[in-house]
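Here is a short briefing for anyone about to set up calculations on this model. Have the structure open as you read.

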Amino acid sequence: MKTDINATSATTSWPGLIEAYKNWLPVTDNTPVITLQEGGTPLIPINSIGNRIGKKVKVYAKYDGLNPTGSFKDRGMTMAISKAKEEGCEAVICASTGNTSASAAAYARRAGMRAYVLIPDGYVAQGKLAQALVYGAEVLAIKGNFDRALNIVQEIASKYPVTLVNSVNPYRLQGQKTASFEIIETLGEAPDWLCIPMGNAGNISAYWMGFKEYYKSKKSKKLPQMMGFQASGSAPLVIGKVIDNPQTIATAIRIGNPVNREKALIAKKESNGAFLDVTDKEIIEAYKLLGKEEGIFCEPASAASVAGLLKRKNEIQNGATIVCVLTGNGLKDPDCAINNNDASFSSGLEPEIQTIAQRMGL
Ligand SMILES: *Cc1c(COP(=O)(O)O)cnc(C)c1O
């Protein structure tokens, strides 16, 4: 085994997930791979969360906010855009609560395609909107919510020569399933619980597909229980019916009519998992904990996975291994951060040693 890591291998070792997992993905030698070297994200121990649960559990964060555009959507998008390119498509379209539009724009433009993104006007976090604009998307903000935007883009993609890249596009889930492969490779086994936020519920379905594929190939000896979490004001999968006007601070999961409902329900049933809602207050609590105790800044939607874990802590077995998926980067939503923290922030101070020392309590 090679042990000396030189600068070259350290910077070129991860080729992106299509190259890393091409035997597990629907690609051929003729597929033009459009990549920003997504995937290969860290699995970080989050001991302060584990300590809150006790029972000698081990808790890890799969920090997918470290993907090139700052969310797990890049895993799906490298596949969706590469396949669209292979099929000769010239434009893509998506509806988005923000992260899909950022990712679609980056990968489509990299492939030389146009990207049309429909977003709910006023409900997309600043960082995500900034990305779509910088990556050169055609941004169309509608006076309606995500669910309405998705209806429109599905209709348009069925009538015009544009490829739909929302998670109804099967290549998206193929790319996203690779996160499960990475988790099993890092832990040497599947975890007992996989905690994950759900919006359109594509990601939980993709993870389950990945865990099952590795299990069938004997790369793991067990399957995790899939624990899906939604925000209380936006929890159609928990209450079992469509929500017309979903509300939550976690805008990435502000979805009332999840397109991958059936797949997610199968994942829950097959894995003996559970779906539960967490309040915005619980989400923000977990969001702050991750920031100030672990040095991990995720977006509010992502913190739903940790909030949900803490809420269900009584059901966890001793010594369990748990992975919480942190789907997006905290920098995406600076307004949420500024408005929700316990930091001490003194502004307008005189630039004097005395003043500063006094404020420091010295
Ligand atoms: C898209 C997204 C989700 C929800 O994923 P689904 O596949 O729609 O369930 C959760 N968190 C973040 C940050 C997202 O961007």
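Predicted model: local features only at pLDDT ≥ 70, side-chain atom pairs only at ≥ 80, totals over all residues.

Residues are numbered from 1 along each chain as its sequence is written, and side-chain values use heavy atoms, with hydrogens and water left out.

**Cavity**

- The structure holds one cavity of 30 Å³ or more (on a 1 Å grid over the protein atoms alone, a set of points where a 1.4 Å probe fits but cannot get out; lining residues have an atom within 4 Å of a point).
- The largest cavity has about 290 Å³ of space, a volume being the space filled by probe spheres set on grid points joined across faces, edges and corners.
- Its lining has 26 residues, and those closest to the centre are Phe-72, Lys-73, Gly-199, Asn-200 and Ala-252.
- Helix 5 (99-110), helix 8 (170-176) and helix 10 (202-216) each give two or more residues to this lining (helices are DSSP runs of H or I, at least four residues, and strands are E runs of at least two, numbered from the N terminus).
- By class, the lining holds 10 nonpolar, 13 polar and three charged residues (Ala, Val, Leu, Ile, Met, Phe, Trp, Tyr, Cys and Pro count as nonpolar, Asp, Glu, Lys and Arg as charged, the others, Gly among them, as polar).

- About 240 Å³ of space lies in the largest pocket (an open set with protein on both sides within 12 Å along at least five of seven lines).
- Among its 15 lining residues, Gly-122, Tyr-123, Val-124, Ala-125 and Thr-251 are the closest to the centre.
- Strand 4 (114-120) and helix 6 (126-134) are the elements that give two or more residues to the pocket lining.

**Helix contact**

- The axes of helix 13 (residues 280-294) and helix 14 (residues 300-311) come within 7 Å and cross at roughly 100° (axes are lines fitted to C-alpha atoms over the stretch in contact, with angles from 0 to 180 degrees between N-to-C directions).
- Helix 13 is therefore roughly perpendicular to helix 14 (65 to 115 degrees).

**Salt bridges**

- The whole structure has 15 salt bridges (a side-chain nitrogen of Lys or Arg within 4 Å of a carboxyl oxygen of Asp or Glu).
- One of them joins Glu-182 and Arg-75 at 2.9 Å, N to O.
- This pair links distant parts of the chain, with Glu-182 in helix 9 (residues 178-187) and Arg-75 in helix 4 (residues 73-86), 107 residues apart.

Technical notes
Parallel < 35°, antiparallel > 145°, perpendicular 65-115°, else oblique.
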